[in-house]
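Please look over the sequence and the model below before reading on. The paragraphs after it go through a few of its parts in turn.

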Amino acid sequence: MTNLEQYKRAFMLNFRVKEEDLPGLEYMGIIQWDSVGHMDLIADIESAYGIQMDTKDVLDLSTYEKGIKILSEKYGVNFDE
Amino acid sequence: MYFFERNEEFRDRIICIDDGGREYTYGQIWDMGDALTEDCRGITVLECSNDAESLARYLALLRKGCPVILIGKDLDEDAKKALKDTYEGDYPYNPELGLLLSTSGSTGDRKLVRLSYTNIQSNCDSIVEYLGLTKEERPITTLPMEYTYGLSVIHSHVAVGATIILTNRTLFQKEFWEMVEKYKVTSMAGVPYTYEMFERLRLREMDLPHLKTMTQAGGHLHEELHKKYGEWAAETGRRLFVMYGQTEATARMSYIPPEKCIEKIGSIGIPIPGGSFAIAEDGELIYFGANVSMGYAVNRDDMALGDVNGGCLKTGDMARMDEEGYFYITGRKKRFVKLQGKRFSLDQVQEILQEAFECDEIICTGNDDDGIKVNTSSREVADREDEIIQLFMDKWQVRARLVTVKYLDEIPRNSSGKVLYSKL
């Protein structure tokens with residue numbers, strides 16, 4: 001599975017959303033992405049890439065797109081492969 | 001004097017600071033509440049969130065003697081309407097009746113717990129005493145106001161003239177932590193998953209010089225987290241209170257004194273001041289105290305009922321006591337699990353699933369830590385795992401990871417057809 005697929009999968013599994021719903025998805029924008037959902041999402045992202053995110057980044061990851069930006073810029077996750 | 005009355009000593013003190021950074025004095029909140037509830041008569045449904053207006057209305061209704069049914073603003077519209085249609089109005093009710101809260105059960109009907117003014121005052125007094133609260137406290141809201149534990153934080157701090165930081169923000173919003181810092185928050189409350197979030201946010205590494213007290217209730221705190229937070233508190237001169245309660249007892253029944261926090265991991269502690277426990281012959285934990293509710297309401301007529309409990313609550317939990325008088329929960333009398341601070345009856349969940357999937361061979365089991373397991377001997381149902389999980393998420397906001405679906409050849413039953421839950 002590519003890094004992007006893993007990233008999408010974390011959202012789709014935790015929030016039960018379809019791939020086409022991912023763009024524009026934001027924290028508190030759907031009922032499933034609440035604070036509990038966010039916690040689970042971060043846990044899955046961290047284990048997928050073997051990283052530990054800083055508190056600041058956990059708070060900043062508030063949209064589907066921001067997550068990609070944070071992970072690629074600060075944690076070296078390559079989404080282009 | 002009741003905590004919600006106009007205590008002139010507090011008039012010019014700040015009662016709350018809201019999300020907009022606005023400060024309100026006790027006097028302002030009293031006047032605002034009186035104006036907002038001028039036309040309220042009889043039993044009143046109050047849709048609340050953690051803001052000044054909700055607090056003002058709530059305290060005013062208590063002062064006016066209008067029994068309040070407290071619900072969250074985000075409750076779904078059908079449920080709101082059902083509650084209003086069932087209960088709202090000016091008709092005969094017990095004059096002792098002050099507050100009605102939905103049980104922390106979430107699968108069930110619109111059953112309400114009937115709390116008297118004495119109940120809420122008594123529990124408030126106990127909490128103030130064992131937490132040692134003073135007017136210098138500045139708690140921040142981490143739980144909804146309509147949830148018994150969140151409400152108890154408000155009651156006990158209003159009682160002492162403290163300042164509550166009222167926010168609807170979540171722990172995963174930067175603005176929440178900015179408020180913690182800016183307003184020098186002294187305490188935070190959390191249910192077990194709040195502590196999971198604290199851990200995810202590395203709270204123990206944060207620089208929070210004013211934070212002195214952490215409280216926990218709403219279900220069993222994972223022992224690893226209990227230990228981590230207990231040790232952190234001890235090392236940094238803070239206090240962690242692990243507590244136990246139910247809506248049926250207004251909020252709190254017991255707590256572990258912070259100095260025993262590590263020694264008594266896994267315990268629910270000792271009874272709160274004014275309360276006591278006994279263990280019944282069958283092992284059930286029984287609580288006695290002035291905070292035990294008057295009973296339930298399921299319809300309008302029940303609003304006129306008196307106290308049917310007489311200060312005695314069968315908790316539904318099985319317990320044991322150690323030689324030092326600390327109590328430990330050992331199991332449940334009935335089949336239910338507590339997830340995300342809410343109580344789920346496994347029998348009810350299973351009935352709803354059986355109906356939704358038109359199949360009787362669906363049996364739910366589970367525990368507080370791992371969640372609910374949906375066992376089925378129907379291949380067809382097992383293949384609809386996604387839909388089952390979706391139903392849990394939509395209907396009850398249960399996290400996907402707390403639901404597992406398991407296919408088995410046959411549901412184990414005894415010779416008379418009774419399900420052998422222990423074999424699942």
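Predicted model: local features only at pLDDT ≥ 70, side-chain atom pairs only at ≥ 80, totals over all residues.

Residues are numbered from 1 along each chain as its sequence is written, while chains are lettered from A and ligands numbered from 1 in the order in which they are written.

Begin where the chains meet: 16 residues of chain A are in contact with 19 residues of chain B, contact being C-beta atoms, placed from the backbone, that lie within 7 Å. On the chain A side, H1 (3–15), H2 and H3 (55–60) each supply at least two residues. Helices (H or I, at least four residues) and strands (E, at least two) are DSSP runs, numbered from the N terminus. H2(A) gives the most, with seven residues.

Helix H2 (residues 35–49) of chain A packs against helix H7 (residues 192–200) of chain B at an angle of about 45°, and their axes are 10 Å apart. Axes are lines fitted to C-alpha atoms, for helices over the stretch in contact, and angles run from 0 to 180 degrees between N-to-C directions. H2(A) and H7(B) are therefore oblique to each other; angles under 35 degrees count as roughly parallel, over 145 as roughly antiparallel, 65 to 115 as roughly perpendicular and the rest as oblique. In this contact Ser35(A), Val36(A), Met39(A) and Ile42(A) of H2(A) meet Tyr193(B), Glu196(B), Met197(B) and Arg200(B) of H7(B).

Chain B also holds an open sheet of four strands in the order E13-E14-E16-E17, with antiparallel pairing. Strands pair if DSSP finds at least two bridges between them. E13 (276–279) and E17 (327–332) of chain B stand at the edges with a single partner strand each, so one side of each has no neighbour in the sheet. From one strand to the next the twist averages 50°. Five bridges join E16 (residues 312–321) of chain B to E17(B), and Met318(B) stands opposite Gly331(B) in E17(B).

Two loop residues remain. Met28(A), in the loop between H1 and H2 of chain A, has a phi near 70°, a positive value in a residue other than glycine. Thr250(B) also has a phi near 70° and is found in the loop between E10 (239–245) and E11 (252–256) of chain B. Thr250(B) is buried, with 31 other C-beta atoms within 10 Å, whereas Met28(A), with 15 C-beta neighbours inside 10 Å, counts as partly exposed. The cut-offs are 20 or more other C-beta atoms within 10 Å for buried, 12 or fewer for exposed, and in between for partly exposed.

Technical notes: Contact = placed C-beta atoms within 7 Å.
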